[in-house]
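Trainee: I would like a close look at a single part, please. A connected walk from there into its surroundings would be welcome.

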Amino acid sequence: MEKVAIVGYNQVKLYSDANYGRYEMIFEAVRGALDNAGLKKKDITTVVSATNDYYDGRTISNSLTVEPGGGYLADESKVEMDGAHAVLYGLMRVLSGNHKLAVVWGGSMASSYPAHTVHLYETDPTWERPITYVSDITSAGFQMRAYMEKYGISAEEIAKTAVKNRKNAVNNPLALAEAQNPNITLKDVLESDIYSDPVTELMVAQPCDGVAALLLAPEKQAKKITDNPVWITGVGLSQETYYLGDRDLSTSKSMELAGKMAFQAAGINDPNTQIDVAELYEAFAHEELIFIESLGIAEKGKGADLNAEIGGDFPVNPSGGALGGNPLCATGLIRIIEAVKQIRGEAKGYQVKNVNKAIASGQIGMCSQNNILYVLEGDN
Amino acid sequence: MTEEKIVVANKGIIRAEFAFWVGQYMDKFYDALENKKIVGNKCPKCGDVFVPPRKICGKCNETIPLDQNWVDLPDTGILKNYTITYYKINDRASRKVKKPQIIGMVQIDGSSTSIVYRLLNIEPGEVKIGMKVKVNWEEATKGDPSDIKGFSKA
Amino acid sequence: MGRQVCIASAGFSEHASKRSDVSMPELVSEAIKDCLKNAPSIEINDIDMFVNGNMPAFEGANIPELWMTDWMGARNKPLMRVTTGGTTGGSVAIAGYYSVASGLPGVDTVLAIAFEQQSQGDTATGLASVAYGEISVLNSLGIPYDQLTLLFSAGAAIGVASYQATNYMRKSKTTEEDLARVVVQNRHNAAKTWWAHLKMPNLTIEEVLDTPYISYPLRYGMVCPASDGACAMLFTTEEKAKDMCDIPVYVNGVGSIATETGILGYCGSGSGQLDPSEQLGAQKTSDVAFQQAGISFPRKEIDYAEVYSPFPNQELMWVEKLGLFEENTASEMYETGVTALNGELPINCSGGVNSTNAIGASAMERPAVAALQIMGKASNQVPETVHTSLGHGWGGYINLITMMVMADEPARKFK
């Protein structure tokens, strides 16, 4: 694959109810990314955004967000999935040779849409939706129970991940304030309200308001723009079948296939030793464990045995992950940005030592039906 | 960002109604449901039986002809998974309720997939994965998914 | 960087005002089957990646590809969703092009699918929210929410088209008869296109003018229908395309540019321009796409065009804006048969959007038909060989233009 780098990034501070409007938030993210790279609006050649009509509450929402995203009269397009999928489209546009600088941004404001009902619209309207038993809430419960039953994992082991990420978020100044819990204990997580048994509220990545943006450039331009380009050496994505009853929820087939595709492109055959840090979009604490097993970083059923702390054997989500704040359509993009920060040594307060290769993931769909994974590499 | 001040507040409801074509396969399924019967269809290649029936087998990418491979199924099954939740959702809002619902994934005997429905007349402590369950039919059926009120212990 | 991209096939489902015989996934599977039928050497398992789109609010289903995975044959495959309002289909086609052009390892053959089953939803309500533009801006101008319906500043797509029409007619001296003539040509063409919706082989100009106005100058007889339908296109590398079809169609230029705004612009209307018929986005998009394709004189070098015109005035406007005809001469081209099936520069021989409009799919159907014309496989095939064609899309909110320029030969060299 030709060399394309991430040359700039910016993310707004996450809020559960931000006190400003959508357009200002988008402008702040994109303008900040351009400033981060020392570039101007006129340097932009293409823009790809990730939003969702139902999260924005209006039809063709992404046409009215072109302006603050820097896309006015630019060759641009939009993706309606996670921000990490928009990065894929931005990457493709740069790899085609047609564009020299791509702006990719994504985000939504959870404070403006009714929680959970927007995901009801993603269910099968001819069968499941009228009776509402399948939802983002119940599917989380099914997924966690399937994982626990298959491998005999206890809720405590899963709660450990929630504790880790919520503590990591404390050192991430951009994380959601409600998710920054310095004194949280396993007991707190296990005894929090039931979300969908066995999932408890503190195991859930809380949707919030947020927008993030990053810039992509091909090798020649990237080296001129920054001394610290972060190369995308591999990308993979896959979508599982839809009905929960058709799937093995104790594992993530889509993450497994996304990993295979990305690792093959990047020349990774043993991620556990070759990758230094992972930023994965875990909508629930148990998903983080399922993902590292599906990627072959831990053996099946042994995800909880891995020391994923910042100073541990294989750090996962040093930024706090999605549990540190989950602005739909931005979360995966933020994971990529956090991985970039780790490689560049810019993750002040939660920096993992000696990071040269990282992976970052985004997802969409119930029980992460569609996963996308990036392998990123620094220069040294 | 300056201090918060509500300048204009607008409240209103925009009604947008949708009605979905179910297609001819689901049409047959709902006709059977109205008669308190469950039918599925079978992939001619791999033999998987689908409830509800489908036009295409996702594993084989094989089209199942509309007039063939129908399978009559009993209204009993096995519980494959379950969850307990205090949330109730509809198209407009979600809210927490006092009495939790037990939602289960049930594999109808003879089928290869599971369907998701409430479990009725059972306490959370009594639920066991692998237990036999049977359909509780609505008194007056309409030919839609709610004809199955839920599943209870068989 | 990058590589050649070819279109190896395109397919359609039947379009109708109510496809009540199929669910949405089944409708999509019809278009995919038709597309693969035209490329018999491959099957669904050979597809490396799927790119799809529709307009989610018109069916009341969010990200429906999640549900449709198996019906598309996309189980355990890469899938990306692209939506851009009215140009969704064109944007999906362009995303299909970029997926192959990028040379990502493992992605050589990409199926692009665009669809809409509008009969399931309330299109008028969906479009009304678009027509109001940015409501908060209108509020800030002193217009309260409950008076917006009276204001009807755009009246959905018809309103926008009416503004375009009146401005265009003033500049070009086009008459209502000219508009009706465009409709008649499209509906006659649709009658020879198997998948089209409004097939009217005997329609006359008088019959069109004999219908009441909806919004001056547009009459009932002139507007596009609302259709249920789907379209699929197969993009792949040059080498693989040569095995899949006799005449691979090279995608030589693409563009997707808008003058869309949320805050600036005309009364929060979503446009950065005062004159809706000026269409700066169209001019820029065609510049970009023609330049990539090495085309300097579109009038001479393009053999066939499918332009996106749900309303007849737009067809006249686009063929000028895209550089195919001189300004203010389009109606004359229609009158003298230049744009007919056997004319010098045939336009919309499929009947265009004026005869078939499944909103999500219609902007893909334009490059799909334009590609099939080069392959010699279009339903209403132009008799003269088509070497270079273009497929154009309009929409987004009201100003995003997509364009794909294709030919039977590559325009650029890649290492």
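Trainee: How many residues of chain C are in contact with how many residues of chain A?

Mentor: Happy to take you through this. The model is predicted, so local features need pLDDT of at least 70 and side-chain atom pairs count only at pLDDT 80 or more, while totals for chains, interfaces and linings use all residues. Residues are numbered from 1 along each chain as its sequence is written, chains are lettered from A and ligands numbered from 1 in the order in which they are written.

To your question: 58 residues of chain C are in contact with 58 residues of chain A, where contact means that C-beta atoms, placed from the backbone, lie within 7 Å. The side of chain C that touches chain A has 26 nonpolar, 25 polar and seven charged residues. Here Ala, Val, Leu, Ile, Met, Phe, Trp, Tyr, Cys and Pro count as nonpolar, Asp, Glu, Lys and Arg as charged, and the others, Gly among them, as polar. Among the elements that give two or more residues to this side are α2 (56-59), α4 (88-101), β8 (249-258) and α12 (280-292) of chain C; α4(C) gives the most, with six residues. Helices (H or I, at least four residues) and strands (E, at least two) are DSSP runs, numbered from the N terminus.

Chain C also meets chain B, with 25 residues of chain C in contact with 18 residues of chain B. On the chain C side, α1 (24-37), α3 (65-72) and α5 (123-131) each give two or more residues. By class, that side holds four nonpolar, 14 polar and seven charged residues.

Ten of its ten residues are buried, so α14(C) is largely enclosed by the rest of the structure; a residue is buried if 20 or more other C-beta atoms lie within 10 Å of its own, exposed if 12 or fewer, and partly exposed in between, with C-beta atoms placed from the backbone. The buried residues include W318(C), E315(C), E320(C) and K321(C). After the helix comes G323(C), with a positive phi near 85°.

One partner of α14(C) is helix α9 (residues 176-191) of chain C: the two axes come within 8 Å and cross at roughly 90°. Axes are lines fitted to C-alpha atoms, for helices over the stretch in contact, and angles run from 0 to 180 degrees between N-to-C directions. That makes α9(C) roughly perpendicular to α14(C), a label for angles of 65 to 115 degrees, with those under 35 roughly parallel, over 145 roughly antiparallel and the rest oblique. L179(C), V182(C) and V183(C) of α9(C) meet P312(C), N313(C), E315(C) and L316(C) of α14(C). This contact has five nonpolar, one polar and one charged residues.

Key. Two residues are in contact if their C-beta atoms, placed from the backbone, lie within 7 Å.
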